Amino acid sequence: MVFKGIGNFLGVNGAPQHTARGSPEGNSTEQSLLRNPVPGRWHDQKAEENSGYKRKLFNFLGNCIPGAKFSVDIKSDEEEKVHQWLATMATADKNLVFEYVHSTERGLSFKEADERLKKVGPNVPVGNLYSPWWELFWNAFWHPFNIILFVLSALCFVAGDKANGSIMVVMVIVSVSLRFYQEFSSSKAALKLSELVKASIKVQRCAGRVVQTELQVQIDQKDVVPGDIIIFSSGDLFPGDVRLLSSQAVVVSQSSLTGESGIVEKTADIIEEPNTPLLELRNICFMGTSVVSGSGTGVVVSTREKTYISTILSALGRQNPPDAFEKGVKRVSYMLICFMLVIVPIIIIVDYLTTHGWERSILFGITVAVGLTPQMLPLIVNTNLAKGAFAMARDKCIVKRLVAIQNMGSMDVLCTDKTGTLTMDRVVMVHHLDSWGMSSDNILYFTFLNSYFQTGFKNPLDDAILAYVYTGGYKFEPTKWIRINELPFDFSRRRMSVILEEINHNHVHGNKQPLVQRIMVTKGAYEEVLKVCSFFQNNIHDDSLEPLSSEEYQRLFNMGDELSNDGLRVIGVAKRKLKPAATEISCNEIVEENMVFLGFLAFFDPPKESVKEALWRLAEKGVKVKVLTGDNLPVAIKVCKEVGIRTTNVITGPELALLEDKMFDEVVQKVTVLAKLTPVQKLQVVESLKMGNHIVGFLGDGINDSLALKGADVGISVDSGASVAKDSADIILLEKDLNVLVAGVERGRITHGNSMKYIKLAVTANFGTVVSLFVATACLPFDPLTPMQLLTQYLLYDISQLFIPWDKMDAEYVRIPHKWSAQDIASFMLWNGPASSIFDIATFFFICWYYDAATVARQEFFHAAWFVEGIVMHILVIHMIRTEKILFIQRNASWPVICVTAVICAIGIAFPYTVIGKTMAMESLPFSYFGFLVVIILGYIFIGQLVKMAYIYVYKRWL
C-alpha cells in the first residue's frame, strides 16, 4: 500500500490505498519503512538530537578555523531515508515503483506535473542552490580581518577609548556591508546568467481528457518532478535519481559521485538484492551522472534535496579545490596577520620607552594593527571577480565558477578539440565508395538504414547521411525493415551496429508477417570496421564475396588513409547476414565478427574562417594551442595546417599508451597535435601539462571531453555542447567561436591584474608604514599620530582603493599570462616598500628640523604635517604600483580611480583646516610646507620609477 509518508518523502500527496503487488501483508513494506527507516537500527530520537548537535559543532569549528578540517561520521536521518528509499526502488518490481511515485507507465499528465512542480519546487541539487541572504551576510562578516578589527575595537572600549572603538566598528560595518551587497548582487546576477544555460530533458507526458495519448516533450531540467518518465541517450545527464524501465546497452559514468573515471553498466531487467551497495545498484541511475553510451527510459523517483548527490553536497559542499590564486591570497592574508602579530608588540614596547604610558602605547599599537589589516582584500577580490563575470557575460561568456576568471587570465596552454572548434561542425557527405573506390548506391543504402534505425547517440555524420539521401532524390524504403536491436557506439570500439529484419509483404501466415532476412549493419572508424571483417564485396551487382586477405586489408586501409589525407572524415561500412529467428537477440549476443566490408563514406567539415585570426591573437597573448582529438591523425593534420597550427610534432593515442611516465610528460610538452585520443588520455594529457607548471585550459563540447574539462585549471564548453560537458565546465561560451574565448582571456587578465594591484598595494604600503612608524616612534617623545588620526587615515585609504576594480590595465600586461607566486609578492614588497618609507622619513626629519616640531609642545603641528604627507604618499603609491610606466606621463589610471584618489587627496590636505581636524588636535599648516610636499612628490616619482626600472631589469617583468 502506498502511504502518505512516502508521498511526503517525494514532496507529493499520497495516493489511494490498495494492495501492493508481491506483498503478502499488503502494507507491510511501507509500514516498515515508516516505522524504522534504518533496518537493524533503533530509531532513537535522543541519539538523533545528539548527532545533530555534534554535526553543528564540527561545522561551526570548520567555519571558524580557515583550512582546518573536521568531520564526524554520522549520517543524518534524511540521508538514511534517501539511501533506504533508493534501495527500496531498486528491489521493487516496476509496477510497484509506479505506485510508489504515484505515476503510470504513460507518464504524468501536464496538469499533475505542474502541480508537483509548484509543490516540490525547481529541480536543483542542494549544492547548486544559491545561498540565502543571511548566509551571505554571515560569510561577509566571518572573515579573519573583520574578526581582528572587531576584537581590537572591543579592546578599545575596554580601555575606555570609545571614539577609536566606534571608528573601528564603523570600519567593520562598512567592510561587511559593502561585501554583503556585492555578493548578494553577484548571487542574483549569477542566477540570471545561469538561466541562459539550459539543460533539456526529454520526458513522456500524457494528454487528453477522454483518451489519453503519450507525448514526448523537451523540458528544462529544473521542471522535472518525481514520477516523470524520461527518455535518455548518450551524452545526457540524469535530472534526478532514476529507476530504469528499459535499457539498451546503457553505460553510465559515475565520476561526479565517485571522483573516478571508470564507467558502469546499467540495466532495467533486474531486481536488486536488498544488501547491494548503493553505488552498485544496476537499475538505479543517480542525479548528476551521465550516459556514456546506450539509450533507455526511466522513471524519476527523487529530485532536489531527496537525491543521493544532494546528501553528498549538503554534507561536503560542492567546492573545487582552491587554485593557485586562492591559495596565494590566503597566504598573503595570513602573512600580513603574522607580520602584524610580530610588529605590533615591538611598536608598543618602543612607544612605551619613549612616552612612558602603557595604556596609551597599547591603544597606539592597536591602531597600528588596524592599519596592517587589509580588511578590504576580500571585498576588492570579490568585486573584481563579479565585475569580470559581468563583462564576460557581455562578451557571450557565462562564468559558472568565479575564480575561473583568474585562471582564464593566467592560462598559457589551451587544449582544444577539433570538430566544431576549429571546423564549422557542419558535416557534408561527399563520397560513398565501394571497396574499389567507385561510387556505389548499395553502400549508401545500408548506411542509410543504420543511421535511420539507430536510437543511441546520433552525431553529425548521421544527420549528414540522412540529409544526403533525402535531398538527393533516393527512394530508399526503410518501412521494409524493422529494428531488432542495436549495439550502441562507444569510444573504445569506435563503431556501432544495428540488427534489422526485412519483412516479406507478399506472404502472410496467420496474423504475422514472416521474416525472410536478418542482417547486421555496422559503421564506424574505417580501421575499426576493417578489424571485424573477414570478407569484402567484390561486385556490387552479384553480391560476390572475396576473403579479406592481408594484401586486400592493406589496400583498403591505404584507400581510407588516402581519403583522410585529403582532409576528409572517413568511416567504413560493413554488414553480415544472420539467421532469421523468432526471438529477439540481446546486446550480449551481438558479435561483430566475420563481417563483409562494403566500402567507405567520406565527409567534409571545413575550417572556420575566423579560426586563423583567433589562433594568431591567442599566440600573440602567449597562449599555446594544442589540438586533442579522437579523430584520426591525417584529418587532424590537414585541418591544423589550414588554420596555421604547426604539425611538425604530432602523436596518436596508441603511441602515447606505449610511453612511460617520464617520456609521456616530455612528449606531451612538445607535441601540438594529439589524435585518436580516448577520454581518459585527454585527461592524462591535461594533468601532465599541469604538472609541467602550466595553467591549462580545455575547450570541448562532447561527452568524451568531460573528464578533461573537469581536470583542467579552467574548463570551457559551449552552450550547444553535451549536457555532461556543460556540467563539467567552469565557463560556457554562448558562441562556438575562438574569438569569444580571446575576449575572455583578455577580461581574465584585466581581472587578475586589478586584483594583484590591491595585493601589491597592501604589502607595499603596509611595509612602508611599519618602517616609517617604527622610526618615528623611536625618535619622538609622543605618538607620530594619535589613534583617532591613524584610524581616520586608514578609513580614507580604504575609500581610495574601492575603485581599483574599475581601473584599466596596461596593454603590455594583458599581452602575456601572469602566474601567482608568493615569492614574487615578497620580493616585490622588499623592493618597492622602502621607496615610500624613504620619503616618509625625509618628511619626518624635515618637519623636526625646519619647523622644530620634535617637541611635545609642537606635536599638533607634527600630527597635521605627518597626516597630510601620509595621505598624499598613499595616493602616490596607488598610482605608482598600478603600472610599470611613468605615472601621469606615459600611463594614466581610469577616470573613476583618478577622481576618487584626487578627492581623497584633497580631503586629506584640507583636513587640518576643518573643524574635525581641530577636534582631532591638528594645527593649520603653512603654505611653505606644501612647497616641500611638492619636492617630496617629485622625488618619490623619480626614485620610485628608478626602483621600478631596476626591479623590471632584474626580474624581466613587472608583477
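A salt bridge is a side-chain nitrogen of Lys or Arg within 4 Å of a carboxyl oxygen of Asp or Glu. The model described here is predicted, so local features need pLDDT of at least 70 and side-chain atom pairs count only at pLDDT 80 or more, while totals for chains, interfaces and linings use all residues. Residues are numbered from 1 along each chain as its sequence is written, and side-chain values use heavy atoms, leaving out hydrogens and water.

A search of the whole structure finds 26 salt bridges. One of them pairs Glu528 with Arg494, with 3.8 Å between the closest N and O atoms. Glu528 lies in helix H18 (residues 526-531) and Arg494 in the loop between strands E12 (481-487) and E13 (495-503), so the pair ties together parts 34 residues apart in sequence. Helices (H or I, at least four residues) and strands (E, at least two) are DSSP runs, numbered from the N terminus.

Glu528 is buried at 10% relative accessible area, and Arg494 is buried at 15%. Buried means under 20% relative accessible area, exposed over 50%, and partly exposed in between (1.4 Å probe, protein chains only).

Glu528 also meets Arg495 in a salt bridge, at 3.9 Å from N to O. Here Arg495 in strand E13 and Glu528 in helix H18 are 33 residues apart. Arg495 is buried, at 10% relative accessibility. Salt bridges with shared partners join Arg494, Arg495, Glu527, Glu528, Lys531, Glu592 and Lys676 into one network.

Another salt bridge links Arg116 and Glu112, whose closest N and O atoms are 2.6 Å apart. Both belong to helix H6 (residues 110-120), where a spacing of 4 residues separates them by about one helical turn. Arg116 is buried at 4% relative accessibility, whereas Glu112 is partly exposed at 28%.
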